[in-house]
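This report walks through selected local features of one chain. Please keep the sequence and the structure side by side while reading.

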Amino acid sequence: MLVFVGRFFDKMSIFNDYHAHIADILAYLILCLPYWLNIVFPAVTLLALMFSLGPLQQRGELTAMRSAGISSARLYAPFLAMGTLISLISLIGGLTFLPSINAKANVLYRQHIKKQQAYNTLRDHIVVAGRDHRRFTIGTLDTQTGTLTDIVIDQFDNQMHRRSMFSAQQGHYQNGQWTFYRGNFIQFDANGNYKQEPFQEKLLDIHQKPEDFVYENRKPDEMTHREIRWRIRHLHELGIPSFKEQVALHHQFALPFANVVVILLGIPFALRSLQKGNVQSIAYAFGAMFLYWGTASVFQSYGEQGYVPGWVSAWAPNFIFGILAVWMLQRKTTS
């Protein structure tokens, strides 16, 4: 209910501005629920831990269990097992059906609530890298008819020295081939000399299709694991950086295990509830969790900009706070 109501008030101004129908609003909010519930799982898990383990410590039941010969590892095993189960559920959902449901929610939001077109086939002023060290500068592109206008194709060698420049007034894609009209082809040699070849019609062997020059505006959280892997391969073939997609790919594995990390973080704080009180211990635990999410956001930002590898960006917060949590737990257990 909190997620549902929170999303409603977050988008209320949009709903009012676009005069959205009640049925569309309800459908959008319901479709958003699985994805957002998966995000708030760690907070819910931590809260459940504090309200279950904290009272056991306050009533002295943990002390009684230890006096009966039950080890600390045995006491914490059910909580860690539940965290692992939640992580597995989150992992399977995040890799398969949750992104698809979220994508449907976003499509409904854009097309039915904000009344946007599903896909714009006309694009202009496109600059994109391609295979074989090519750079495409396109005036206009119609993906429906496969037509380009005002095209310039620069090709470079491995040292980024320009080898050739191809320009044409128009290009057309048909039967897997590109035909260009009314243009000029210039080849450069190592000494800076060039040879010019004007043409009226010319076939050019390039691998790109019209839709390869533009990308559907889909966010990584709308793509399944297989779709993100395909997008990374596709961008690599076109010579386009895929830092954001690589981070998203590793996050699909790393983020679900935040549930285990927050349980490891929460146990030492729950054990302090006898001295500090349950409310204060919960506040400390949530402070540590927000610090974890802040660190994760920083690493994600660095990964998406290419400063650190994608796997480091995704897994570093888990390792850092996991080690910290184990140290805190060991210190609290032995004290």
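Helices here are DSSP runs of H or I with at least four residues, numbered from the N terminus. The model is predicted.

H3 spans residues 22–58 and has a kink of about 50 degrees at Val40.

Met1 sits in the segment before helix H1 (2–10). Its relative accessibility is 77%, so Met1 counts as exposed. Together with Val5 and Phe9, Met1 makes a nonpolar surface patch of about 360 Å².

H1 also holds a charged pair. Asp10 and Arg7 are three residues apart in this helix, so about one helical turn separates them. Their side chains form a salt bridge. Asp10 is partly exposed, at 48% relative accessibility, while Arg7 is buried, at 15%.

**Salt bridges**

The count of salt bridges comes to six.

| Pair | N to O distance |
|---|---|
| Asp10 and Arg7 | 3.6 Å |
| Arg135 and Asp154 | 3.0 Å |
| Arg162 and Asp154 | 3.4 Å |

What links Arg135, Asp154 and Arg162? A network of salt bridges joins these three residues. The side chains of Arg135 and Asp154 meet in one of the bridges. This pair links distant parts of the chain: Arg135 lies in strand E2 (residues 134–142) and Asp154 in strand E3 (residues 147–156), 19 residues apart. Asp154 also pairs with Arg162.

Is Asp154 buried or exposed? Asp154 has 4% relative accessibility, so this residue counts as buried. Arg135 is partly exposed, with a relative accessible area of 37%. Arg162 is partly exposed too, at 39%.

**Ser72 in helix H5**

Ser72 belongs to helix H5 (residues 72–95). Its relative accessibility is 14%; burial means under 20%, so Ser72 counts as buried. The side chain of Ser72 makes a polar contact with the side chain of Arg66, at 3.2 Å. Ile151 is 79 residues away from Ser72 along the chain, and 70 Å separates their C-alpha atoms.

**Asn184 in strand E5**

Strand E5 (residues 177–188) contains Asn184. At 16% relative accessibility, Asn184 is buried. Which residues does Asn184 touch, not counting those up to four places away in sequence? Asn184 touches Met165, Phe166 and Ser167, and also Gln196, Glu197, Pro198 and Phe199.

Note on methods
Residues are numbered from 1 along each chain as its sequence is written. This is a predicted model: local features need pLDDT of at least 70, side-chain atom pairs count only at pLDDT 80 or more; totals for chains, interfaces and linings use all residues. Side-chain values use heavy atoms; hydrogens and water are left out. Patches are made of residues with over 30% relative accessible area and no salt bridge: like charges are joined within 9 Å, nonpolar side chains (Val, Leu, Ile, Met, Phe, Trp, Tyr) within 5 Å. Accessible areas come from the Shrake-Rupley method with a 1.4 Å probe; for residues, only the protein chains shown count as cover. A salt bridge is a side-chain nitrogen of Lys or Arg within 4 Å of a carboxyl oxygen of Asp or Glu. Helices (H or I, at least four residues) and strands (E, at least two) are DSSP runs, numbered from the N terminus. Buried means under 20% relative accessible area, exposed over 50%, partly exposed in between (1.4 Å probe, protein chains only). The bend at a residue is the angle between axes fitted to the seven residues ending there and the seven starting there. Contact means heavy atoms within 4.5 Å. A polar contact is a pair of N or O atoms within 3.5 Å; within protein, one must be able to donate a hydrogen and the other to accept it, and residues adjacent in sequence count only if both atoms are side-chain atoms.
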